[in-house]
Amino acid sequence: MADDDPHDGGPDDGISFGSTPGFRADIEEAELHEEDHNRGLFDDLLSGEPIFENKEVLRPSYTPHELPHRSDQINKMATILVAALRGETPSNILIYGKTGTGKTASAKFVSKELETTSSKYSVPCDVEYINCEVTDTQYRVLAQLANKFIEKNEARIDDRIDELEALREATVDFETDAPIAPDHPDAGDDGADDRYIAEPFEPATVDPVDAESVGTDDASDPTTTPETDGATDDERPDLPVDSEPGVEPDQSDESDSFAPETRGFVDPDAHPLADTPFSSVGDVGQRIGELEADRESFEEVPMTGWPTDRVYSVFFDAVDYSERVVVIMLDEIDKLVEKSGDDTLYNLSRMNSELENSRVSIIGISNDLKFTDFLDPRVKSSLGEEEIVFPPYDANQLRDILQHRADVAFKEGALSPDVIPLCAAFAAQEHGDARRALDLLRTAGELAERAQTDTIVEEHVRQAQDKIELDRVVEVVRTLPTQSKLVLFSIILLEQNGVHSINTGEVYNIYKRLCDEIDADVLTQRRVTDLISELDMLGIVNAVVVSKGRYGRTKEISLSVPLEETEVVLRSDSRLSDIDDVTPFVQARFDN
């Protein structure tokens, strides 16, 4: 039969043909080629197992839940700032310490705890952080603070309006539907509620500002009340009256302004306006209108263009808008004083004498122990009411900090035992800088991850140390003034031409030729000597004064940073990029 013919084309033919081994192999090979073709640049990099569990905990911006070896300083800050939770003004605090000693992290930790506790106990307290290395002028500080408090005020107004809208809606529903007392005028002959509710509810229109004057003149007339104003029962609004005829508002029972005899409801304690400052829906609506007007009156401060006194006025009004304690944290406060003087600190420290609703406390954080020497004595006395010093970490303390962070940052088994002690030792050599130790550990992890290894070892730490040092040099050289770059370029050209133990005269000769090439002003040799000293302080060159006997004394100069990388950074400057090779002229020397 035709159906039994194995050569007859049927639905199984395609399956039989496609299932042959050779054909299936061709398809799989084509799919593999297509998969290889579709692999992108990052596919191979993502194929490895990551070393980090959470890299962010190793960054300076991270605020940990626990700060090892800083409990004394944290407790001292807390004992000062606890006054804010009592509604009092905390003393101003100045925090000193070198870079990487935990000043900012500790202050942020305490501030976060302060805000959390203030919310817990419903005590209004706001903390604002300003980095004065970035926001370094009086205008910018005041503008940033003003805009932050305007934003907070608007958010609180919006929340309050939402609450009042809900209260108004609940009040309308209650006064429309709630049962009234049997002896109330709206009750029927059988005591039933015959109050007409088909018409929309009309709230009382008495202005609460004039509440004392309303009803007092007609108090002798027992038929006149603040709500009826001489109206008959038929002309009276649908709502029950607020007070008993002939009784002035201040003679009613203040402990229960919604008593049955004054409101007419069976259960006045259930009234939504009970235990609120409002006596009617109209009062609630009026308050909503006032809040909306306040919100519309706020004007954001632009970052430039206003007179400083206007910016201060807006900031002052924004802070004093509501009752609260404000803590302003000024990090790198010495940068602000260095750039703009102490006017900002003077204004902030004197605000409390003018504020009516709020109170302001200042926390200043500085790396410079002597910056207060340049402050006005009045500012210094009010700003430095409390001082807290953060000492450098030693190697053992740095090891504890790194271990504490590494437990969260890395996957289990990703660190060899000698990594954390080595990072701690490197950082301890540089005045106990925890920030440097964390950067070192994070960079070592990144180098290991790029090499697609499963474990961070000592070699990765040493590579990270070299990389961080080079990055630091690159950043310092890149931000040098043009004249300092020309002096440094002169030293590089001399070393490239085999000159060692370079003296100031040789540097000055090359420097003058470079100035001619880029049409720059030529400084005196004494000023160039000062620039060499500045480069020495930055660690870019090594300048040692040596005696040449009867020929006097001179500076012997050598480069302290990688030559090729430094030259690349210098040539990235548009003014120095076109400098041709300058062959230095080396004067004859008379060495001892």
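Residues are numbered from 1 along each chain as its sequence is written, and side-chain values use heavy atoms, with hydrogens and water left out. In this predicted model local features need pLDDT of at least 70 and side-chain atom pairs count only at pLDDT 80 or more, while totals for chains, interfaces and linings use all residues.

Q: How many salt bridges does the structure hold?
A: A salt bridge is a side-chain nitrogen of Lys or Arg within 4 Å of a carboxyl oxygen of Asp or Glu. By this rule the number of salt bridges in the structure is 24.

Q: Which parts does the salt bridge between glutamate 128 and lysine 148 tie together?
A: The closest N and O atoms of glutamate 128 and lysine 148 are 3.5 Å apart. Helices (H or I, at least four residues) and strands (E, at least two) are DSSP runs, numbered from the N terminus. The two residues are 20 residues apart in sequence, so the pair ties together strand S2 (residues 125-131) and helix H6 (residues 138-177).

Q: Is glutamate 128 buried or exposed?
A: Buried means under 20% relative accessible area, exposed over 50%, and partly exposed in between (1.4 Å probe, protein chains only). Glutamate 128 has a relative accessible area of 7%, so the word for glutamate 128 is buried.

Q: What separates arginine 462 and glutamate 458 in helix H16?
A: The side chains of arginine 462 and glutamate 458 meet in a salt bridge of 2.9 Å, N to O. Arginine 462 is partly exposed at 37% relative accessible area, and glutamate 458 is partly exposed at 31%. Because they are four residues apart in helix H16, what separates them is about one helical turn.

Q: Which residues are linked with Lys55 in a network of salt bridges?
A: The network is made of salt bridges and includes Lys55. The residues linked with Lys55 are Asp439, Arg442, Glu446 and Arg450.

Q: Which side chain makes a polar contact with the side chain of lysine 555?
A: Lysine 555 lies in strand S7 (residues 553-559). Lysine 555 is buried yet has no salt bridge, and the nearest side chain of opposite charge (Lys and Arg count as positive and Asp and Glu as negative; His and the chain ends are not counted), aspartate 536, is 6.2 Å away. A polar contact is a pair of N or O atoms within 3.5 Å; within protein, one must be able to donate a hydrogen and the other to accept it, and residues adjacent in sequence count only if both atoms are side-chain atoms. At 2.5 Å, the side chain in polar contact with lysine 555 is that of serine 533.

Q: Which side chain does a polar contact join to that of arginine 324?
A: Arginine 324 lies in strand S3 (residues 324-331) and counts as buried at 3% relative accessibility. The polar contact is 3.2 Å and joins the side chain of arginine 324 to that of aspartate 126.

Q: Which element gives the largest share of the lining of the second largest pocket?
A: The largest share, seven residues, comes from H15.

Q: Where is serine 122?
A: Serine 122 has a positive phi of about 55 degrees although it is not a glycine. Its relative accessible area is 66%, so serine 122 is exposed. The place of serine 122 is the loop between helix H5 (103-120) and S2.
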